[in-house]
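Trainee: Please show me the model. I would like to go through it piece by piece.

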Amino acid sequence: MSNRLNTTPNDLRAFWMPFTANRQFKKEPRLFVSAKDMYYQTHDGRQVLDGTAGLWCVNAGHCRPKITEAIREQAGELDYAPAFQLGHPKAFELANRLVDIAPEGMDHVLYTNSGSESVETALKVALAYHRVKGNGSRFRLIGRERGYHGVNFGGISVGGIVSNRKMFGTLLTGVDHMPHTHQPGKNAFTRGQPEHGGDLATELERIVTLHDASTIAAVIVEPIAGSTGVLIPPKGYLQKLRELCTKHGILLIFDEVITGFGRLGAPFAAQYYDVKPDMITTAKGLTNGVIPMGAVFVTAEIHDAFMNGPEHMIEFFHGYTYSGNPIASAAALATLDTYKEEGLLTRAAELSNYWADALHSLKDCPNVIDIRNTGLIGAIELDPIAGEPTKRAFTAFLKAYEKGLLIRTTGDIIALSPPLIIEKHHIDELFEKLREILQNNI
Ligand SMILES: Cc1ncc(COP(=O)(O)O)c(C=O)c1O
């Protein structure tokens, strides 16, 4: 008998879930069945306050009418258009709208379907750029410890998370890593940018000395490292990186998959920190998380370097079947409209003090060893249980879910990144619930 006939409704076995403790989940499933604005509804009929904008992506809140309607309309009008050698108007309109809100000089956009693909795309553009400029010896890519750049081979190679790397062989060759900037001993309970650690950017100088600048194509960093627990850049750090990259002819890539689209109170972290990279990778908030789509922003200088040779020739041999997909483009345009109409790309700046006060009020809870924040991002670092790393934070996650609050945990760190439509009363609700959980000595 075919397997299909045996499949019973609600059988959870077939789906091998991503980044999930599958066996634990399938014993105690946590399913969302609907969502509106700041809340999810669970399969057992409970409301859950979204403290993480889904996975750092639902910046405008859930099931926003304009976005839903745009998708519906586009699906009935033009479902798909080939992405190679052909186009459709909305992909071009979207690129122009994106360039308008990007840091000055980021004049061109390549489309992808995820943050991971945006990273692969940016790394490939970097290598190819140097080659078309006659500097093909620049093949090295430099990442950072504790960096997360998605799950594809380029991304895990420049990334710095051991569990994401150790199973997968030799990865990309020619990659090196700068040290991470997390110094809880010196910077614990800092609001905003830490005082200590800006000088760690000079580690790039050491790497340049080791390999020679003529072999290095690009440096990629998250302005705020999100996935390893919200590591805020120390004062002066990003500026110093920019200075060193410029000095050595190295491209600087900001991976803004989580910081893009208003998370810090400016459209991009590059604007918030006033540091201009050569490329920016994005995804997530681009379509409010609703349809998979990413975008890589590049400077005119990078783009123009490829516009050579016979005009009938493809300039860059890279792209995806779904690059600039019509429905994704429509969703992104409606998302940008929603951000604009509601001032969401700068709203985090207005709320960040209230947010920071509420977050840091948890300092007196048991086992809290650090709290950090910027914009509408927060992290609470917990003292790991001896011999059982990650368990304390995971317990907090499970208890929060029971209490009607969605948080995210990584290691023993709770990371918070609510939709940017959050109101003060939601902030109060979020931190009251968290306090109840943390006070109970989990
Ligand atoms: C900084 C950063 N880069 C890349 C990614 C990968 O994005 P995706 O999961 O869409 O492939 C993420 C995802 O969280 C991220 O935070």
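**The ligand and its shell**

Trainee: By class, which residues make up the shell around the ligand?
Mentor: Sort by class. Ala, Val, Leu, Ile, Met, Phe, Trp, Tyr, Cys and Pro count as nonpolar, Asp, Glu, Lys and Arg as charged, and the others, Gly among them, as polar. By that rule the shell has three nonpolar, six polar and three charged residues.

Trainee: What kind of model is this, and how are residues numbered?
Mentor: This is a predicted model: local features need pLDDT of at least 70, side-chain atom pairs count only at pLDDT 80 or more, and totals for chains, interfaces and linings use all residues. Side-chain values use heavy atoms, with hydrogens and water left out, and residues are numbered from 1 along each chain as its sequence is written.

Trainee: Which residues surround the ligand?
Mentor: A residue is near a molecule if one of its heavy atoms lies within 4 Å of it. The ligand is surrounded by Ser-114, Gly-115, Ser-116, Tyr-148, His-149, Gly-150, Glu-222, Ser-227, Asp-255, Val-257, Ile-258 and Lys-284.

Trainee: How far is a polar side-chain atom of Ser-116 from an oxygen atom of the ligand?
Mentor: Look for polar contacts: pairs of N or O atoms within 3.5 Å; within protein, one must be able to donate a hydrogen and the other to accept it, and residues adjacent in sequence count only if both atoms are side-chain atoms. A polar backbone atom of Gly-115 is 2.8 Å from a ligand oxygen. An N or O atom in the side chain of Lys-284 is 3.0 Å from a ligand oxygen. For the side chain of Ser-116, the distance is 2.6 Å.

Trainee: How much of the ligand's area does the protein bury?
Mentor: Accessible areas come from the Shrake-Rupley method with a 1.4 Å probe; for residues, only the protein chains shown count as cover. Taken alone, the ligand exposes 390 Å². The part buried by the protein is 83%.

**Helix H4**

Trainee: What arc holds the buried residues of H4?
Mentor: Helices are DSSP runs (H or I, at least four residues), numbered from the N terminus. Buried means under 20% relative accessible area, exposed over 50%, partly exposed in between, with a 1.4 Å probe and protein chains only. In H4, Ile-67, Ala-70, Ile-71 and Gln-74 are buried. They line one face of the helix, because the directions from the axis to their C-beta atoms fall within an arc of 100°.

Trainee: Which backbone oxygen does the side chain of Thr-190 reach?
Mentor: Thr-190 lies in the loop between helix H9 (184–187) and helix H10 (203–211). At 18% relative accessibility, Thr-190 is buried. Its side chain comes within 2.4 Å of the backbone oxygen of Asn-187.

Trainee: And which one does the side chain of Thr-338 reach?
Mentor: Thr-338 is in helix H14 (residues 326–341). Thr-338 is buried, at 3% relative accessibility. At 2.8 Å, its side chain reaches the backbone oxygen of Ala-334.

Trainee: What is phi of Trp-56?
Mentor: Most residues other than glycine have a negative phi. Trp-56 lies in helix H3 (residues 53–56) and is buried at 5% relative accessibility. Trp-56 is not a glycine, yet its phi is positive, at about 65°.

Trainee: Is Phe-189 buried or partly exposed?
Mentor: Phe-189 is in the loop between H9 and H10. Its phi is positive too, near 60°. At 22% relative accessibility, Phe-189 counts as partly exposed.

Note on methods: Helices (H or I, at least four residues) and strands (E, at least two) are DSSP runs, numbered from the N terminus.
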